[in-house]
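Dear colleague,

I am handing over the structure below, and I would be grateful if you could look through it before reading my notes, which follow directly after it.

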Amino acid sequence: MSYIPNSIEARDVASLVHMQTNLRKHQKEGPHVITRGQGCRVFDDTGRDYIDAVAGLWCASLGFGSERLAQVAAEQMRTLGYYHLYRHRSHEPAIALAETLLKIAPGPMARVVFQCSGSEANDTAIKLAWYYWNAAGKPRRTKIIARQMAYHGSTCAAVSLSGKPDMHAGFGLPFAPFKHTEFPHYYRRHEPGETEDEFSARMAQALEKLIQAEGADTIAAFFAEPVMGAGGAIVPPQGYFEKVQAVLRKYDILFVADEVICGFARTGEMWGSETYALRPDMITSAKALSAAMQPISAVLISERIHEAMLAQSDKLGNFAHGFTYAGHPVAAAVARRRSMRRSTSLRAPSASGRCCNRRSASSNRIRSSATCAGLVSSSAWG
Amino acid sequence: MRGVGLILGMGLMRDGKRRLPFDAALNVGARVDAAAQQRGLLLRVIGDRLVFAPPLVIEAEEIEAIGERLERALDDVADDLTREGAFE
């Protein structure tokens with residue numbers, strides 16, 4: 001295809017590299033340019049409207065435009081458009097957001113570490129797991145376990161943590177310390193006659209076997225999303241996390257809940273950890289944290305992790321880690337306003353009732369349309 | 001097909017009861033993705049699995065519209081596959 005000179009398509013193809021895209025095909029077919037958004041709809045450069053059924057990249061939880069958040073961002077840019085959190089410097093938007101996150105956390109959490117993306121949040125949580133075991137005098141605990149088909153981000157470490165072979169291919173990844181246990185997709189992977197509980201028990205046994213084969217004293221942490229997102233929106237089978245967490249406790253392995261997609265009400269509760277009774281040592285959060293209006297992520301750390309970090313400062317003199325834009329005041333102000341609103345409305349019974357009604361309406365409508373076409377697997381409807 | 005809250009995954013299968021997937025070469029997921037876009041619906045397709053995680057502020061009529069547009073897209077692809085003899 002040849003593009004009209006200086007058209008937006010020609011400019012795109014001549015200048016941009018697109019993520020998760022066949023780059024050769026893109027040279028031929030060009031971009032699909034989105035120009036504006038309103039609620040759940042986006043409009044392309046021909047004026048055509050689309051409903052985005054996946055909130056962009058699972059993130060635009062309040063839709064694709066917000067006058068309210070635009071005002072928050074503009075006001076913060078006028079007051080303090082940038083400052084960092086290095087070497088004891090601080091600012092109110094980051095403090096207030098951290099306080100809000102600790103207040104709404106699904107379990108007791110002690111402190112918050114900020115980054116700019118979910119990938120960086122998981123990358124930081126990996127570093128903190130290593131830092132924790134170093135502080136605990138067990139530096140051999142370096143291996144990290146996640147699930148096959150899980151996606152945890154795109155940095156060198158976060159994509160190594162991910163269990164998607166297509167994201168490792170061509171990069172020489174994953175790095176050696178990253179191991180992957182079974183993909184808990186009940187419908188596709190259960191044996192004939194195997195119940196969900198039996199399947200979950202088999203998944204937990206596989207995890208335990210992997211831990212034993214690697215050596216429990218070499219494992220630092222286990223990472224899991226409450227509902228696997230880019231693995232295919234895989235809801236955990238009955239009993240799965242109860243059994244998996246029992247194995248982790250048995251071998252004293254840190255548990256990191258990747259709430260980048262689930263956090264902020266995606267599962268119908270504030271956190272997927274609430275929906276599935278998870279007791280993580282760390283929680284990573286991004287995406288809906290700021291309703292995707294600003295790039296920001298958070299790692300919530302438990303007292304156990306924080307105490308180890310304090311001990312490391314005693315020993316090393318410095319928490320030698322950071323990102324220039326971590327806890328950026330504009331992003332933090334937007335996220336704070338967004339989280340305050342969500343935490344209030346979610347806890348009101350009427351609002352959660354509406355959420356449930358929407359949920360069932362959505363599922364039923366989509367299910368009935370799927371039945372009509374006959375393309376969709378039906379035996380796993382639950 | 002399973003979901004919780006507003007996150008839901010749906011597997012496209014040649015025979016759901018017997019858990020028989022489509023031949024990967026048919027690219028059924030990618031075809032549904034393209035058909036849905038034609039019908040005004042942006043989906044996320046992972047292999048032959050469609051996932052739904054709309055903005056949480058979605059309104060009832062927009063959920064209806066997702067269902068309608070998806071239904072038409074699935075019908076389009078089912079018709080094509082039937083014509084090609086890949087699906088009954």
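Read from the N terminus on, the elements of chain B run β-β-β-β-α-β-β-β-α, that is, 2 helices and 7 strands, where helices (H or I, at least four residues) and strands (E, at least two) are DSSP runs numbered from the N terminus. This is a predicted model, in which local features need pLDDT of at least 70 and side-chain atom pairs count only at pLDDT 80 or more, while totals for chains, interfaces and linings use all residues. Residues are numbered from 1 along each chain as its sequence is written, and chains are lettered from A and ligands numbered from 1 in the order in which they are written.

In chain B, the axes of helix α1 (residues 28-38) and helix α2 (residues 60-83) come within 8 Å and cross at roughly 130°, the axes being lines fitted to C-alpha atoms, for helices over the stretch in contact, with angles from 0 to 180 degrees between N-to-C directions.

There is also an open sheet of 4 strands with mixed pairing, in the order β1(A)-β2(A)-β3(A)-β5(B); two strands pair if DSSP finds at least two bridges between them. Its edge strands, each pairing on one side only, are β1 (34-38) of chain A and β5 (41-42) of chain B. Strand β3 (residues 49-52) of chain A pairs with β5(B) in the parallel sense over 2 bridges, and L42(B) in β5(B) stands opposite D52(A).

Finally, the C-alpha atoms of chain B fill a box of roughly 40 × 25 × 20 Å, taken along the principal axes.
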